[in-house]
Protein chains: 2
Amino acid sequence: MAIPGTDELQLLHEQICQAVGDVKRIQILYALHDQPRHVSALADLLEMSQPTVSRHLAVLRERALVVAERNGAAVVYRLADSRLIDVLNLMRQLLRDTLERRANMMS
Amino acid sequence: MAIPGTDELQLLHEQICQAVGDVKRIQILYALHDQPRHVSALADLLEMSQPTVSRHLAVLRERALVVAERNGAAVVYRLADSRLIDVLNLMRQLLRDTLERRANMMS
DNA sequence: TAGATGTATACAGATATGCGAATAGGTGGA
DNA sequence: TCCACCTATTCGCATATCTGTATACATCTA
């Protein structure tokens with residue numbers, strides 16, 4: 001199987017990998033998958049400051065991974081594509097198996 | 001659906017997300033999926049310096065995402081679990097659709 | 001329009017990450 | 001053992017990313 005081109009991998013990195021490259025953004029993504037929420041609801045739920053949440057949402061929004069919709073003074077965010085959660089869940093499964101394999105090698 | 005615990009997401013970030021958080025590591029992973037290769041073969045193929053390749057391989061090795069096997073003076077690396085490529089390919093598909101959706105919104 | 005509420009952004013400092021250059025470590029052949 | 005080759009690591013620097021604080025911007029209500 002051929003190796004994907006550098007340009008595509010560069011895009012993949014910038015648009016997707018980098019977006020999930022922060023724990024707080026991963027938390028936000030799961031919280032939005034649970035249900036759409038507005039900024040301060042996320043801040044309360046995840047115990048982050050409002051500016052921190054807002055900046056992380058901006059990162060996700062710029063990559064079109066979340067969608068913002070204004071509702072009065074509040075802005076409600078939702079996931080643009082739930083397959084992003086599929087990706088994260090696949091990673092979690094891989095993590096579990098990898099940790100197990102690593103544990104077996106130690107023993 | 002419940003939101004995964006903070007500890008698990010922290011692990012996910014450190015062990016998987018961070019590992020794919022660099023373009024060169026992504027290139028290395030695809031090159032190893034194509035076939036096992038030793039360090040300097042990767043350096044030649046991907047046009048990176050030998051120390052750069054070695055450092056990136058160390059990152060992947062510490063997380064048990066690649067496996068090293070010595071072959072004479074050379075060290076051959078291979079993917080520990082090809083599902084990591086599944087994850088990356090799923091991201092690529094998501095990227096394609098996301099870019100398309102974003103392009104449609106512009107027009 | 002003034003005030004309250006909710007969200008986004010600017011700034012500065014701290015931390016993390018990646019790289020080139022140099023060097024140390026490991027392996028096999030002469 | 002000496003040497004050539006391959007790989008791993010160290011050091012110093014440059015760059016990127018994240019955060020709290022402060023503040024600007026947006027919206028609604030009275």
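Colleague: Which strands of chain A does helix α2 (residues 23-34) lie across, and at about what angle does it run to β3(A)?

Modeller: In this predicted model, helix α2 of chain A lies across β1, β2 and β3 of chain A, running at about 90° to β3(A), where axes are lines fitted to C-alpha atoms, for helices over the stretch in contact, and angles run from 0 to 180 degrees between N-to-C directions; contact means heavy atoms within 4.5 Å. Residues are numbered from 1 along each chain as its sequence is written, and chains are lettered from A in the order in which they are written.

Colleague: What makes β2(A) and β3(A) a pair?

Modeller: Two strands pair if DSSP finds at least two bridges between them, and β2(A) and β3(A) have six, in the antiparallel sense. Within β3(A), A:L79 is the bridge partner of A:V66.

Colleague: Why is one side of β1 (37-38) and of β2 (66-71) of chain A left without a neighbour in the sheet?

Modeller: The sheet is open, in the order β1-β3-β2, and β1 and β2 stand at its edges, each with a single partner strand, so one side of each has no neighbour there.

Colleague: What makes the approach of A:Q50 to DNA strand C a polar contact?

Modeller: A polar contact is a pair of N or O atoms within 3.5 Å, and an N or O atom in the side chain of A:Q50 is 2.8 Å from a base nitrogen of DNA strand C, so the pair meets the definition.

Note on methods: This is a predicted model: local features need pLDDT of at least 70, side-chain atom pairs count only at pLDDT 80 or more; totals for chains, interfaces and linings use all residues. Side-chain values use heavy atoms; hydrogens and water are left out. A polar contact is a pair of N or O atoms within 3.5 Å; within protein, one must be able to donate a hydrogen and the other to accept it, and residues adjacent in sequence count only if both atoms are side-chain atoms. Helices (H or I, at least four residues) and strands (E, at least two) are DSSP runs, numbered from the N terminus.
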